[in-house]
Amino acid sequence: MYKGILLGHPLMAQCHKFITRHKPLNHKQWLQRIAQVPEIDQQIDFYNSGPTITLLENKIAELLGKERALFVHKGMVGQNAALLQWSANLNRHRIAIHPQSHIAVDESDAYDKLLNLEVWMFGEPHCAITDNDIARLPEDLAAIVLELPTRRAGFRLPQWQTLEYLQQFAKTRGIPIHIDGARLLEAACYWQKPYADVAGIGNSVYVSLYKTLGAAAGGVVAGETEFIEQLIPWRSRMGGDLFTAFPYVLSALWGLRHYLPRIPEFHQRAYALAQAIQHRFGDEALPFPVQCNGFLVQLPVSAQVLERRALKLAEEKGIWLFDRILPQGEQSCRFEIQAGDALDDWQDADLVDLLEQLSR
Ligand SMILES: Cc1ncc(COP(=O)(O)O)c(C=O)c1O
């Protein structure tokens, strides 16, 4: 079956121009970036303890307006730890998730096989959650998980009033809200709210360090001190105590200085590019409204044909366009664009011209 995953293809390493996310770095470039960080001469971390990890945790806690933040080398580890702890604290074993959330579709059923938790699916495919979805939630939940934005649903975000309703609903029933905010910083631009206001909707919140913040990997879970410190043994049990995590930590500190201030700009760029695509290809090219820096594009060409042309372009011109192509019937396909510094190398009109050539 056609899988469409192109990320990591050998031709990608030969390319010099990209469109989605940040420009990928090679080993030498990563090491050079890490070497620039002012904390380079500080003591190295061991088993999640050291001054640079503490600094990173404190910076993110402050950004999110939370008492405490905890570094994890993988978001999955942090989120699984949080869900298990909410479940243990309340002695409840069911969580609510969106049917297209990362937890539902990208984690090999870890919630069931590893955590032994049941799920209540809330929200319709390709839609953000609504007040109706919330009103139908059961009351015996260990946690309500809110993925902001819900990437596989087309980077969808609920209206702010819906988030306030959810917060009220959960509070009156004593249900904690966990935000899967892998891209929370990017989402905040949509409501034009401070990061802490968005994070404040949740009792616990996970933020990825390697999406727009551009670290090599890793994430942070934040919340009240007592709760977050309960996650430390879970992080260890789930294999989260790396001997040292310095490449993740130092590259995240670099990202906080260089990428965090650019997030509103990436958001604007996504809107401008999406508009240019819509103008050239029509409304069908944008199956969902753009709400954050990530969006889906649909072109009138089959996935196989587009992939063949994209690989030829990579080979001949060193231009890498797609991480993954999603078939959409026989005659069209979709791909993601997540605006980051890769777009610094493009004028929107040139990129749209190229997409037009590829889809003809
Ligand atoms: C929405 C969302 N949640 C969770 C994760 C898990 O992060 P990690 O790959 O660090 O485990 C991802 C990763 O892509 C994600 O997109």
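I started at a strand pair: Gln298 has Arg334 in E12 as its bridge partner. Strands here are DSSP runs of at least two residues (E), helices are runs of at least four (H or I), and both are numbered from the N terminus. The model is predicted: local features need pLDDT of at least 70, side-chain atom pairs count only at pLDDT 80 or more, and totals for chains, interfaces and linings use all residues. Residue numbers run from 1 along each chain as its sequence is written.

I followed E9 and strand E12 (residues 333–338) and found antiparallel pairing over 6 bridges. Two strands pair if DSSP finds at least two bridges between them. I then traced the open sheet of 3 strands, in the order E9-E12-E11, with antiparallel pairing. Strand E9 (294–299) and strand E11 (326–327) each have a single partner strand, so one side of each lacks a neighbour in the sheet.

**Seven-stranded sheet**

Next I took the open sheet of 7 strands, whose order is E2-E8-E7-E6-E5-E3-E4 and whose pairing is mixed. The twist from one strand to the next averages 20°. Angles run from 0 to 180 degrees between N-to-C directions; axes are lines fitted to C-alpha atoms, for helices over the stretch in contact.

I looked up E3 from both sides. Strand E3 (residues 94–97) pairs with strand E4 (residues 118–121) in the parallel sense over 4 bridges. E3 also pairs in the parallel sense with strand E5 (residues 143–147), over 2 bridges.

Helix H2 (residues 51–64) lies across E2, strand E7 (204–208) and strand E8 (219–223), and runs at about 130° to E2. Helix H10 (residues 225–237) packs on the sheet and touches E2, E7 and E8, its direction making about 20° with that of E2. Contact means C-beta atoms, placed from the backbone, within 7 Å.

**Helix pairs**

I took H1 with H11. The axes of helix H1 (residues 27–36) and helix H11 (residues 246–258) come within 9 Å and cross at roughly 70°. H1 is therefore roughly perpendicular to H11. Angles of 65 to 115 degrees count as roughly perpendicular, under 35 as roughly parallel, over 145 as roughly antiparallel, and the rest as oblique. From H1, Trp30, Arg33, Ile34 and Gln36 meet Pro247, Leu250, Ser251 and Trp254 of H11. I sorted this contact by class: 5 nonpolar, 2 polar and 1 charged residues. Ala, Val, Leu, Ile, Met, Phe, Trp, Tyr, Cys and Pro count as nonpolar, Asp, Glu, Lys and Arg as charged, and the others, Gly among them, as polar.

H12 with H14 came next. The axes of helix H12 (residues 263–281) and helix H14 (residues 348–359) come within 10 Å and cross at roughly 45°. That angle makes H12 oblique to H14. Ala272, Leu273, Ala276, Ile277 and Arg280 of H12 meet Asp348, Ala349, Leu351, Val352, Leu355 and Glu356 of H14. By class I noted 8 nonpolar, no polar and 3 charged residues in this contact.

**Ligand**

Last, I listed the residues around the ligand: Lys74, Gly75, Met76, His102, Glu147, Arg151, Asp180, Ala182, Ser208 and Gly219. A residue is near the molecule if its C-beta atom, placed from the backbone, lies within 6 Å of it. The shell has 2 nonpolar, 4 polar and 4 charged residues.

Notes:
Contact = placed C-beta atoms within 7 Å.
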